[in-house]
Amino acid sequence: MTSLQLLTALMPLLSVFVLLVLLRLPARQAMPLSLLCSVLLAWFVWQMPIQQMAAALFEGLVIALTIVWIVFGAILLLKVLQQTGAIDVIKQGFSQVSTDKRVQLIIIAWLFGSFLEGAAGFGTPAAIAAPLLVALGFSPMAAVVLALIADSCAVSFGAVGTPVLVGLAQGVPELSSSDLQQIALQAISIDIMVASVLPVIMSVLYCRFFASQPNWRAGFAIAPFALLSGLAFTVPAYVVALLLGPEFPSVLGALTGLLIVCGLARRGILLPAAFEPAAQAGMLHSLQPGKPQPFGLLRAWLPYLIVALLLVLSRIPELPVKALLQSVSIVWVDIFGSAIAVSVMPLYLPGSLFVLTALLALFIQRGSLQHFRVALHQSSSMLWPSLVALCAAVPMVRIFLQSGVNNAGLKAMPMALAELAATRLSDIWLLMAPLVGALGSFIAGSATFSNLMFASFQQAMAEDAGLSHQLVLALQMLGANAGNMICVVNVVAAASVVGLNGREGEIIRYTLLPMLYYCLAASLVAWLFFA
């Protein structure tokens, strides 16, 4: 492989970084330029057939529209709850648990977000947690950045274990169920020492960069509570992975963590002095002491509980709900004469469940048709900038991934980059393995697809380097988790939910260092305790 070809494989990723992060172009401008760059290089250097490229573009458009539908559903649900007054009741309910924004951040982004990741995955946690944080008084930038950082550890077992049961199992078909179990246990064992620190990092970042009075000390002051909150998720998740397998560690670990952390917060255990109490008082302006609530806290939270329940029920293969929702499917195989196929199950998409729950919320909370019209208008108007960005970003990714079919006799661009790393860096593969996993998520927008794409390569590298393949595949999983923080598709989707279109590069600048911490700390722990 020539230097020009390697540079070509790097160019789509470099263009995204340069345009978004360095030049600070909004995604709706940067991603079409990156797409154009990818098309030209794939055509002239990789020599992709025109039908293969057209099929990859079409596949990407279809996938982008499904992501837009998820974003729309999440925004619609939030706007309906704002119209009915439920969000104001939820705000006041949080004041009964804690008025401290650091605690609210941990409960919503880290624990509730982890539950949503375990139930549905595929960008759902940030789409729900970020707007809820905004409703609680966080700035949109803080909400998106911190929700993306939080949506990492739970990804190992997201969407009822899909990254393991589909990603690793299909990426390395010869892996036995006991192999998968051991890999999952190794990953969550490392996470107990690495990911449990993430709530501390989130609290410090919030207090230093997003608080009305920036203060490092306030972030570190809550470190004991934040660290315990991290362990309240990772330790139960390990127990569930040990006893039940990879389907439910994130769901049950998050539920256990919510019970523990809410109990501690109510009693003030390990909590320092409240941070930004004046801001918190202002947060409840819409519900004055003398003003009656429109309904109780349970009714306010019920739509979120319903959507969480629907997501869980629809993802368990043993229940008939999943098969029923998947029975309606739109499939196109051999697109434009290529081997590429795309399918959409509209009822199974989280966005459809969000829209259904929004309609139920109107009934439960006695909303009016006018409330729904306003919510629908607000939701639709927020979508247009992200529609352009996603409809360019996802097709660019699909060209990158589908470039294995070409007339130059080359492997797909991601594998070319991975093999380049292998030839130069095999001696330090424990350090590189998570970074390759993160690269996969950054490219594909999915930890599951990262595992599918790179699992067999990681296993081969483990054999060449004389390392345990279970350990290296566990690091692949953790790296894929970390890549979720900077994945362009996730960033664009989360930004659009809270109206931050055009600031995607700024979001990535905040999440880049936590992503590197996750990868490098996982490598260090693996080298010290498991190698």
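The structure is a predicted model, so local features need pLDDT of at least 70 and side-chain atom pairs count only at pLDDT 80 or more, while totals for chains, interfaces and linings use all residues. Residues are numbered from 1 along each chain as its sequence is written, and side-chain values use heavy atoms, with hydrogens and water left out.

Two helices, α12 (223-244) and α13 (249-267), each put in at least two residues; helices are DSSP runs of H or I with at least four residues, strands are E runs of at least two, and numbering starts at the N terminus. The largest share, eight residues, belongs to α12. Valine 235 sits in that helix, α12, and counts as partly exposed at 37% relative accessibility (buried is under 20% relative accessible area, exposed over 50%, partly exposed in between, with a 1.4 Å probe and protein chains only).

Turning to charged pairs, the count comes to three salt bridges, each being a side-chain nitrogen of Lys or Arg within 4 Å of a carboxyl oxygen of Asp or Glu. Arginine 398 pairs with glutamate 59, their closest N and O atoms 3.1 Å apart. That pair ties together distant parts of the chain, 339 residues apart, with arginine 398 in α18 (residues 369-401) and glutamate 59 in α3 (residues 50-84). Arginine 398 is buried at 9%, and glutamate 59 is buried at 5%. Arginine 102 and aspartate 100 meet at 2.5 Å, N to O; arginine 102 is buried at 1% and aspartate 100 at 4%. Glutamate 506 and arginine 503 meet at 3.1 Å, N to O, but here glutamate 506 is partly exposed at 23%, as is arginine 503 at 35%.

Helices α23 (residues 488-497) and α24 (residues 504-530) have axes that come within 10 Å and cross at roughly 120°; axes are lines fitted to C-alpha atoms, for helices over the stretch in contact, with angles from 0 to 180 degrees between N-to-C directions. The two helices, α23 and α24, are therefore oblique to each other (under 35 degrees is roughly parallel, over 145 roughly antiparallel, 65 to 115 roughly perpendicular, the rest oblique).
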